[in-house]
Amino acid sequence: MSLSRRALVSSFAAFATAALSRPALAGDKGSGGPLKPGQPVTPAAPVATGPFVLPALPYADTDLAPVISQSTIGFHYGKHHQGYVTKLNELVAGKDWASKPLDEVMKATYGSDNVGIYNNSAQVWNHTFYWGSMKKGGGGAPAGKLADAIKTSFGDFEAFKKEFAQAATTQFGAGWAWLVLGTDGKLKVTKTANADNPIVLGQGKPLLTIDVWEHAYYLDYQNKRGDYVAAWIEKVANWSFAESQLG
Ligand code: MN
């Protein structure tokens, strides 16, 4: 890992925005050097073999333990997220999709016959957003603009936490729970199935997400999704990332 960890962490909000919306670049290969806000993504590892890349984790794979173990990160990031990137690159090879931004591919293929491209592009997007939604020493209560918006929209932080946990624990089967900025300017909690996300469903702008696919928690919590969700909110939720997404 040659990248400066601190630079990665401090620039992750800008990094995530760039990674999730910019066009794929021919030169997208891991090449080291600290990331700067707004700079195109240059993941440290692993190197992609196509236009879409696996962004570097914004922390060490041990940083979220014990809430999320190094082993879970190893499989979830190293196998699942990488797998979606690899599959997407295979599916877009030689097609116009290969030169388009990730979010454009995801939106254009939603509900179309290109089910594989949709599922894999949306899962690449969702997972990049999920890694940003956590940090070492996270949790606690949000501050500033986000705290104000939560109070306005949910009454108080405890009411929001209850609603978010409820969505995450009751999503039936694989999926995600989200904090979203709705088109009416208010925050809301949503849940989505499989690869779906608030962008393709027109629910608003995502601010934070928790992955509730079993691969996200089963090694650490087995069937106890509620324990994973509670620990996630209390100890790793990245409120400053959510606030940065408010714009
Ligand atoms: Mn996942």
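Modeller: Before we start, two residues count as in contact here if their C-beta atoms, placed from the backbone, lie within 7 Å. Also, this is a predicted model.

Biologist: Okay. Among contacts between residues at least 6 apart in sequence, what percentage join residues at least 24 apart?

Modeller: In the protein chain, 65% of those contacts do.

Biologist: And how many helices and strands are there?

Modeller: The chain has eleven helices and three strands. Going along the sequence, the order is α-α-α-α-α-α-α-β-β-α-β-α-α-α.

Biologist: How much of the chain is buried?

Modeller: Of its 247 residues, 42% are buried.

Biologist: Let's talk helix packing. At what angle do helix 4 and helix 5 pack?

Modeller: About 140 degrees, and their axes are 8 Å apart. Helix 4 covers residues 102-109, and helix 5 covers residues 115-132.

Biologist: Is the crossing of helix 4 and helix 5 left-handed or right-handed?

Modeller: Left-handed.

Biologist: Which residues meet there?

Modeller: From helix 4 you have L102, D103, V105, M106 and T109. On the helix 5 side they meet I117, Y118, S121, A122, V124 and W125. By type, the residues of that contact are eight nonpolar, two polar and one charged.

Biologist: What about helix 3 and helix 5, how do they cross?

Modeller: Helix 3, residues 70-92, crosses helix 5 at roughly 140 degrees, and the two axes come within 9 Å. That crossing is left-handed.

Biologist: Who makes the contact?

Modeller: Helix 3 brings H81, Y84, V85, K87, L88, L91 and V92. Helix 5 brings G116, I117, N120, S121, Q123, V124 and H127.

Biologist: And how do the residues of that contact divide?

Modeller: Seven are nonpolar, six polar and one charged.

Biologist: Switching topic: how many residues are in the largest nonpolar core?

Modeller: That core has 41 residues. F164, A177, L179 and W232 have the most contacts inside it.

Biologist: Which elements give it two or more residues?

Modeller: The helices are helix 6 (144-154), helix 7 (157-170), helix 10 (225-236) and helix 11 (239-245). The strands are strand 1 (175-181), strand 2 (187-193) and strand 3 (205-211).

Biologist: Which one gives the largest share?

Modeller: Strand 1, with six residues.

Biologist: What do nonpolar side chains tend to do in general?

Modeller: In soluble globular proteins, they tend to be buried together.

Definitions and conventions. Residues are numbered from 1 along each chain as its sequence is written. This is a predicted model: local features need pLDDT of at least 70, side-chain atom pairs count only at pLDDT 80 or more; totals for chains, interfaces and linings use all residues. Axes are lines fitted to C-alpha atoms, for helices over the stretch in contact, and angles run from 0 to 180 degrees between N-to-C directions. Helices (H or I, at least four residues) and strands (E, at least two) are DSSP runs, numbered from the N terminus. A crossing is left-handed if the near helix is turned anticlockwise from the far one by less than a right angle, and right-handed if clockwise. Ala, Val, Leu, Ile, Met, Phe, Trp, Tyr, Cys and Pro count as nonpolar, Asp, Glu, Lys and Arg as charged, and the others, Gly among them, as polar. A nonpolar core is a set of buried Ala, Val, Leu, Ile, Met, Phe, Trp, Tyr and Cys residues joined through C-beta atoms within 7 Å. A residue is buried if 20 or more other C-beta atoms lie within 10 Å of its own, exposed if 12 or fewer, and partly exposed in between; C-beta atoms are placed from the backbone.
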